[in-house]
Every structure is written in structure tokens, then in C-alpha cells.
Amino acid sequence: MSTLTLESLKAGSRLEKILARGEFSVTAELGPPKSADTSLIAAKAKLLAGNIDAANITDNQTAIVRMSSIGAGLLAMREGIEPIIQITCRDRNRIAIQSDVLGAFALGVRNILCLTGDHQKFGNHPTSKNVFDMDSVQLIQMLACMRDQKKFACGEEIRNSKKAPVVEPRILIGGAENPFGDPLEFRAIRVAKKVAAGVDFIQTQCIYDMDRFEEFMRLVRARGLHEKVKILAGVTPLKSAGMAKYMRDSVAGLTVPDSIIQRLEKAADKAAEGIRICIEQIEKLREIPGVAGVHIMAIEWEEKVAEIVKGAGLLPRPQVE
Amino acid sequence: MLTGYSKVLILGCGTCVTVCMAGGEKEVGILASTLRLANRKEGRSVAIDEATIERQCDREFFDTVRDRISNADAVLSMACGVGVQFLAEVFPDTIVLPGLDTKFYGATVGQGVWAERCSGCGSCVIADFGGICPVTRCSKGLLNGPCGGSQNGKCEVDPKGTDCGWQLIYDRMKKLGQLSKLETVTPLKDWSTTRFGGPGTIVKEDALP
Amino acid sequence: MRARSAAARITVLLCENSAWKASAELPADSALRGVDFVKIPCSGRVDAGLLLSLLEHGSAGVLAVGCPKDDCTFLRGNYRAEKRVSATRAILREAGLDEGLVRLSFVSAMDAHRLRESVLDFKRYLDDNSSS
């Protein structure tokens, strides 16, 4: 069972230390480029550095081919960003994923987020074959097994030979949950399964419907899960009423209350209002027992992350040694 | 696919594909008539023969059409992919062509509607999921679902048509009072019993000659 | 545009509960020469197999005539006929043939005039589009 303490760190990442100290953590998202051009990563990293504790490096998000999350994550590290490498089950089997985890750890990666992955139908190669050798819960279990039991999924020890030392990848394991997916009651059960599988932190889908999220958190607390896993609530600042409506109508598992849409419609400066709403949301989320941090997914709007974090009173970010 | 053949036998199958109205006697007749009309219009001289046998996945049933198969330049089999290949296996010197795109092996869920129910994975997990197979019914085959794309009982891959397999599992297990079973983490599946472990063969010793 | 050969006849399939009765009232009429009227128990009897086989065996075109919608003796026979005729037209289209070679219309037992119009209209279509 997973509780983070400073005395016995699992991976020793900055994110782990901040979560273990019980400080409200801030993560953001850094989407890799759709080409081999690295300048985009440097530019995005510059906007995020110092304002967040770690950044998720997405893994071919929405099944659109991008630079690999490990490759882009290493480039982000060079720019002073601690990466949370996302790994989905869509494109790789247990052999490829374990091998990538060894490689990523060897290169300095300390946080990995385990995801099922969007169906290839939504991406730019809809005629491809998917893998799904496992699901996100099993992926969490596999990484926990590698770290804590020092064994591969097949049961073999992680060492080069019988005489060689065991060198296991020590990774902080993340998972995701969509509090707005159906069935609601099962969403907390799914968090429980991820906790049982060995997850250390959970990032949620972006939250607009505060009532439903509070209901979700009530179910989570009823099971005592908030004491076993650090939950980072997801937020996405809205640029316009149009974007809010799009999120409401086109993104599976998202509800955007009318009150938010109306506020954006009435506002003279829509973008400023969107940022204000986002800051208010973070303030509300901080009040909910069991919320250990916030995950800011500013879609193609990374330049606003600093403003949001500052506005929410979360600067400066804590230092770790 | 049929270009260049002057004597074509369209061979239907009297079992599964007849029941699902895809490759039985009736569909053979429709295809044969259509081809003859099209050939006539294009001025092609092709002899289209038609026949339907009981099954194309058992050797014995080919006996009644052996001569007609030998006489044809090519046989267009209206059986599932299994029948097409077995026909080719039984008649190694005959050109065999597939008449159908075999999509899955399913059940008749309503008049004129068929849906996939089993992937033939070789190690059945249905007992753990309220009689519903997550490997087949979930678009991602998740054993610890549902994913975030489950909305209003539907799968985001096809929100109008396909049910979320995991919503079905959840509802049914709730009804059966077995919801607590879903709280256990289902470990990695052994896929070696599936097609990924190589083509399957089953030998029943007591049935051997 | 060429005239149909004298041998190619048009087949009209008539539901015995309506169109067949209407056909009994048709006056002797040279315009209807070359048309074979065939009694069927219900327009729902029509399907792709039957229609294509008639075309294959020499019909220039096949017109099925059923009872008016919602007035089928077998309740939904004419709705079935509608779906099946449209499925047959799709097959013809896919095979590069003229989908207009099969057609469905609906008349009541009392409507000999409408039946005649319907047959003549189909005949005109075939005359105009005949390719052989």
C-alpha cells in the first residue's frame, strides 16, 4: 500500500518530496512536438520552469504521432523541468514498456504516469492496430512490481546475471482518473484498484463541475483512499465561451456548468475571465479534503501557467534538495 | 478478383453464413444473378455455376460438388474465412476466392442484427465479469475497465452504436450482487492461448480414428 | 436511345389483395402490350433473389405493386417490399447496372387508373433507358 514519506523515498523525485512533505503541489502538461524540431520543447519549458513542480510529457496524446514522451522528457530535463513521463498501453506491449522504463530510469526519469491511452480511432492513424496487452491498472502493478519486488512482470529478477547486482528502476508511479466518466460509483472503486495496484499519485481529468467532483471525493474519502494516494485535481483554463461549449459537447466525460459559460459570454475580456475562473477553481479545490495538488492542463496556452499559479498564491514553488 | 476466369462456381455454405444471411443458398443466387447480368451488359462470356453445401469446414460435405469444383476455373466461396481456406486445403489444385469479408463470430441480437461476442482467446474470463467478456466487448479489451471514455452507457469509439462493455459488466454485477468482485485487480492476462501464441489447434484424443 | 426488342417483356408483380384486383378492371389496351402481369400473395414476397432472377431470365424490368402504405393485409408486407426493392437497387448500382430496372409502387384495389399510369410510366422509363 502506498504512502509517501520523506524517510523512505521511493524514487526521490522533486514531485515525490513535495507530496511527501504534504505541500500542495503543482504540475502542468508539456506536449511533445509533432516533428523532430526541439525548439518547441525549449520554449514551453521556459514558460513552465520555476512555476511548477513537474510536467507531464504526453505519450502520443489522442493517438496523434508526436515525439516520444521519453525523448521529449529528456529534452525538458535539460531545460530544468522535472518530467512525468506518460506511458499508454495502446502502442506497446509488456516487453517494450518494461524496456522503456529501464531506459528512462537510466537516463534520469523518476516519475511515470500510467494511462490506458486514447483509442487509435481518434488520432491520425485510425487504420492502425492497437496493442492493449494490459490496461492502466495492470501497468501500475507492473511498475510497482519492478520497483518494489525488483522483478519483471514474468517474475525474473531485474539483474544482468545471477552474480550481478539487482538494479531496479525506482519510479514514482502515477495514474489518472476521470471523475466524470460513467459509472460514477465505480470511479472511486477504480481509484481503489489503482491504489491496490501500487499507484502513488493520481491526476484527474479537468474539473468544471465542482459538485460532481466533490461527490467523487466524498466517495474517495469514504474508502480512506485520500490517505493512501496523493490526488492532484485537474484544471484547464478556458479561453472563450466557444471553447467551454466545445469541451462540454465534444470531449467524452466532461461537463461544463452553464454558469461558467455565461460568465465567459458576459465578460469583456474572455481570456482574463477564463484565467480568473481557473484561479477560483484552484482555490475551491484546495479546500476539498484529500486534494493534494493541482494539475494544470493549459492546452496550447502554456504562457498562462505562471499567471495562474501566481494568482492562486502558489508561488514560489517549494525548493527541494 | 474474378477477371480472367471463364467458368466460376459460386459455392455457398449451409450453416453459420446461411443463418446470418451472408453466404447461404439465397445469397449465392443473388450474387450469381447479379454477376450474370453484369457480365451480359459488359459482353463478357463467363459461365457462372452455383451450389450450396451443408458446411465448408468439414471434408465430407464437399463430395457432392467435387466434379463441379473440378470443372470450374475458380471457386468463389461464400463461406466464412474458415470455409474458404478449408476448401482450398481440400482442393489444392483449385483457385479459391473469398466471397465475404469475415468480420467476427457473433450472435443474432435481433432480427437482422448480429454482434460480436467472443474473441476465442483460449482462457475464458467470463466467470469473473458477470457473464460478459471484457476482452471482446470493450473496444480496448480492458480487464480493469472502464476507461474514461465511457459515457451514458456508450463507448466513445462509437457513441451512437456500441455499448460500453464495462458499463454492461458493472450493471450486471451490481444486479447479481457481485460488485465487490470487481474491486480486485485482474492481473496481466496470458495471451499465449490466443492467436498471438500462434495458430490454434485442438486435438481430442478420444475422437481420433 | 433505342427501342426495346420485341422479345424483352416487362414483368409486373401484383399483390393479389389490391393491385391484382385493380388489374382486372384494366381495359384492353395496346399500350400495355409486352407487359406480363403476375399475381403474388403480397408485395412482401418480393426480394433481391426473385427480382434479379427475373431480370436474368429475360425481363426488361420488374415493377412490383403493393397495397397502399399502412393498408397491407399482412400489416407490414409492403414496408418489407420497400426495403427489399431498395436493397436490390443498391446491388444493381454496385454491379454497374441500372437501378431503375426494378421499381415499387402502391395502388388500392379500386385504382385501375393509377395502376395503368404506374405501369406506363415504368415502361416509358425502360424505353428511354434501354441499352440492349
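Q: How far apart do the C-alpha centres of domain 1 and domain 2 of chain B lie?
A: This is a predicted model. The domain assignment of chain B gives domain 1 as 7–98 and domain 2 as 105–207. Between the C-alpha centres of these two domains the distance is 34 Å.

Q: Which elements cover the buried residues of helix α2 of chain B?
A: In α2(B), the buried residues include B:Val28, B:Ile30, B:Leu31 and B:Leu35. Their cover includes pieces of two chains, B and C. From chain B come β1 (7–13) and β2 (47–53), and from chain C come α2 (48–56) and α3.

Q: What distance separates the end C-alpha atoms of helix α2 of chain B?
A: The helix covers residues 25–42, which makes 18 residues. At 1.5 Å a residue, it should span 26 Å. The model agrees, with end C-alpha atoms separated by 26 Å.

Q: Which residue with a positive phi follows α2(B)?
A: The helix runs over residues 25–42 of chain B. The residue that follows has a phi near 70°. That residue is B:Gly43.

Q: How many residues of chain C are in contact with chain B?
A: On the chain B side, nine residues take part. By class they are three nonpolar, three polar and three charged. Their partners in chain C number 10 residues.

Q: Which two chains share the most contacts?
A: Two pairs of chains are in contact. Chain A and chain C do not touch, and their nearest C-alpha atoms are 25 Å apart. The pair with the most contacts is chains A and B.

Q: How many charged residues are on the side of chain B that touches chain A?
A: Here 25 residues of chain B are in contact with 25 residues of chain A. In chain B, β7 (150–151) and α6 (165–175) each supply at least two residues of that side. By class, this side of chain B has 11 nonpolar residues, 11 polar ones, and charged residues numbering three.

Q: Why is chain A as compact as a globular protein of its length?
A: Chain A has 11 helices and eight strands. For its 321 residues the globule rule gives 20 Å. Chain A is as compact as a globular protein of that length because its radius of gyration is close to that value, at 19 Å.

Q: What share of the residues in chain A is buried?
A: The C-alpha trace of chain A spans about 70 × 45 × 40 Å along its principal axes. Among its contacts between residues at least 6 apart in sequence, 78% join residues at least 24 apart. Of its 321 residues, the buried share is 52%.

Q: Is helix α5 of chain A largely enclosed or largely open?
A: The buried residues of α5(A) pack against β3 (83–88), α4 (94–106), β4 (111–115), β5 (172–177) and α6 (184–197) of chain A. Of its 14 residues, 12 are buried, so the rest of the structure leaves α5(A) largely enclosed.

Q: Which residues does A:Leu143 contact beyond four places in sequence?
A: A:Leu143 is one of the buried residues of α5(A). Its neighbours within four places are left aside here. The contacts are A:Val101, A:Ile112, A:Cys114, A:Ile171 and A:Ile173.

Q: Which elements are included in the cover of the buried residues of α10(A)?
A: Helix α10 of chain A runs over residues 270–287 and reaches 26 Å from its first C-alpha to its last. Its buried residues include A:Ile275, A:Ile279 and A:Leu285. The cover includes β7 (230–235), α9 (258–266), β8 (291–296) and α11 (305–311) of chain A.

How values were computed: Residues are numbered from 1 along each chain as its sequence is written. Chains are lettered from A and ligands numbered from 1 in the order in which they are written. This is a predicted model: local features need pLDDT of at least 70, side-chain atom pairs count only at pLDDT 80 or more; totals for chains, interfaces and linings use all residues. Two residues are in contact if their C-beta atoms, placed from the backbone, lie within 7 Å. Ala, Val, Leu, Ile, Met, Phe, Trp, Tyr, Cys and Pro count as nonpolar, Asp, Glu, Lys and Arg as charged, and the others, Gly among them, as polar. Helices (H or I, at least four residues) and strands (E, at least two) are DSSP runs, numbered from the N terminus. The expected span of a helix is 1.5 Å times one less than its number of residues. A residue is buried if 20 or more other C-beta atoms lie within 10 Å of its own, exposed if 12 or fewer, and partly exposed in between; C-beta atoms are placed from the backbone. The radius of gyration is taken over C-alpha atoms; the globule rule is 2.2 Å times the number of residues to the power 0.38. Domain bounds come from an automatic or database domain assignment.
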